[in-house]
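Subject: Structure handover

Hello,

Here is the structure you are taking over. Please open it first; notes on what was found in it follow below.

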Amino acid sequence: MLERHEIEAFLALSEELHFGRTAERLHVSTARISQTVRKLERRVGAPLFARTSRRVEPTALGAQLAQELRPAWEAVGAAVRRVADAGHGRTGTLRVAFAGPAAGQLLIGVAERFRERLPGWDATLREAELVDRIRLLRAGEVDLVFAEYPLREPDLVPGPVLVSEPRMIALPAGHPLAQQDAVTPEELAGIPLVRLPAAVPESFRADRTPARTPAGRPIPSGPEGGTLNEILSLVGAGRAAFPLGAQARRYHPRPDVTYRPLTGAPPVRWGLLHHRDRATQATEAFHHAARDLLGTAD
């Protein structure tokens, strides 16, 4: 196998065709270049350069070796640079998971600002439901998750709140509460709420589908829905209701579902989560880009 300094000396001499310039380029002595080339020629068993007092030219074998070796050597160098850049946070691709058109629109703008903040980096967006987003984050298949809070898990770190929107209640269009201008949390005691899968963090389930009203009245548990479309289909079928953010009224209108403000309830808050063990310069830059775009405190 050729050693690194042998390859560098050979390829540099093939370009410079001058021992002095090659030595200057590689910051070594002319004698060192001569010794390295002679050693390489002994290894291959034939001259690689024709030398005279006035000029240096590659032999046919030398030209062939340079032609075949240079692309491979450049590829090795490029691979090492890419890995080193990624290791030092200088370049790479940040993967962000989200759900829904509102989040997608927002994150497109954030990704543009992120690329400006961190040249050499790209950001890719991947749509996934909440259960899948958390699984992907834990598996290292995405670097950030844009999700509704609260999500209190020991291995996940929630960033600052980026979006806050009024909390609504999705009701069957024919339900008596749908005829009101607004609904209070106490009135939820009279209607089942769609049950979220057990894989959804308990902190999120307790916030979205509480077992009791603020006054302690029990809230019935309805059928399970794992995706937003499943949830709204269950609501539209008259089987349950579900609390969500006000953006659903704009992005998910349905003739069988009515959205009403849930007065007195806390807003729905959104933010970016990363894994506790995988915070990087890139994840922090994406957080800053989101705050820049939304005008929240940095």
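Leu 17 counts as partly exposed, because its relative accessibility is 31%, and buried would mean under 20% while exposed would mean over 50%. Please keep in mind that this is a predicted model. Leu 17 sits in the loop between helix H1 (4-16) and H2. Although Leu 17 is not a glycine, its phi is positive, at about 55 degrees.

His 27 is another entry of this kind: it is a residue other than glycine, and its phi has a positive value near 60 degrees. His 27 belongs to the loop between H2 and H3. With a relative accessibility of 73%, His 27 counts as exposed.

Which two residues does a cis peptide bond join? They are Tyr 149 and Pro 150, and omega there is about 0 degrees. Pro 150 is part of the loop between E5 and E6.

Why are these places listed at all? Most residues other than glycine have a negative phi, and most peptide bonds are trans.

**Ala 23 and Ala 9**

Helix H2 (residues 19-26) contains Ala 23. Ala 23 counts as buried because its relative accessibility is 3%. How far apart are the C-alpha atoms of Ala 23 and Ala 9? They are separated by 8.2 Å, and the two residues are 14 residues apart along the chain.

**Salt bridges**

Side chains of opposite charge can pair when their charged atoms come close. How many salt bridges does the count come to? The count is 22 salt bridges.

Arg 138 and Glu 153 meet through their side chains in a salt bridge, at 2.7 Å from N to O. This pair links distant parts of the chain, 15 residues apart: Arg 138 is in helix H6 (residues 130-139), while Glu 153 is in the loop between strand E5 (144-148) and strand E6 (156-158). That loop is also where Pro 150 lies. Arg 138 has a relative accessible area of 37%, so it is partly exposed. Glu 153 is partly exposed too, with a relative accessible area of 22%.

A salt bridge also forms between Asp 207 and Arg 167, whose closest N and O atoms are 3.2 Å apart.

Arg 195 and Glu 224 make up the next salt bridge, with the closest N and O atoms 3.8 Å apart. Both partners are in strands: Arg 195 in strand E9 (residues 193-195) and Glu 224 in strand E10 (residues 221-224), 29 residues apart. At 37% relative accessibility, Arg 195 is classed as partly exposed, and Glu 224 is partly exposed with a relative accessible area of 43%.

**Positive patch**

On the surface, a patch of positive charge gathers Arg 32, Arg 38, Lys 39 and Arg 42. Where is Arg 42 found? Arg 42 is in helix H3 (residues 30-44). Arg 42 counts as exposed because its relative accessibility is 61%, and exposed means over 50%.

**Aromatic rings**

Searching the whole structure gives four aromatic pairs. One of them is the pair of Phe 114 and Trp 121, which is edge-to-face, with 6.4 Å from centre to centre and 75 degrees between the planes. Both Phe 114 and Trp 121 are buried. With Phe 286, these two residues form one aromatic cluster.

Regards

Technical notes:
Residues are numbered from 1 along each chain as its sequence is written. This is a predicted model: local features need pLDDT of at least 70, side-chain atom pairs count only at pLDDT 80 or more; totals for chains, interfaces and linings use all residues. Side-chain values use heavy atoms; hydrogens and water are left out. Patches are made of residues with over 30% relative accessible area and no salt bridge: like charges are joined within 9 Å, nonpolar side chains (Val, Leu, Ile, Met, Phe, Trp, Tyr) within 5 Å. Accessible areas come from the Shrake-Rupley method with a 1.4 Å probe; for residues, only the protein chains shown count as cover. A salt bridge is a side-chain nitrogen of Lys or Arg within 4 Å of a carboxyl oxygen of Asp or Glu. Lys and Arg count as positive and Asp and Glu as negative; His and the chain ends are not counted. The place of a charge is taken as NZ of Lys, CZ of Arg, CG of Asp or CD of Glu. Helices (H or I, at least four residues) and strands (E, at least two) are DSSP runs, numbered from the N terminus. Buried means under 20% relative accessible area, exposed over 50%, partly exposed in between (1.4 Å probe, protein chains only). Rings of Phe, Tyr and Trp (its six-membered ring) pair if their centres lie within 6.5 Å; planes under 30 degrees apart count as stacked, over 60 as edge-to-face and the rest as tilted.
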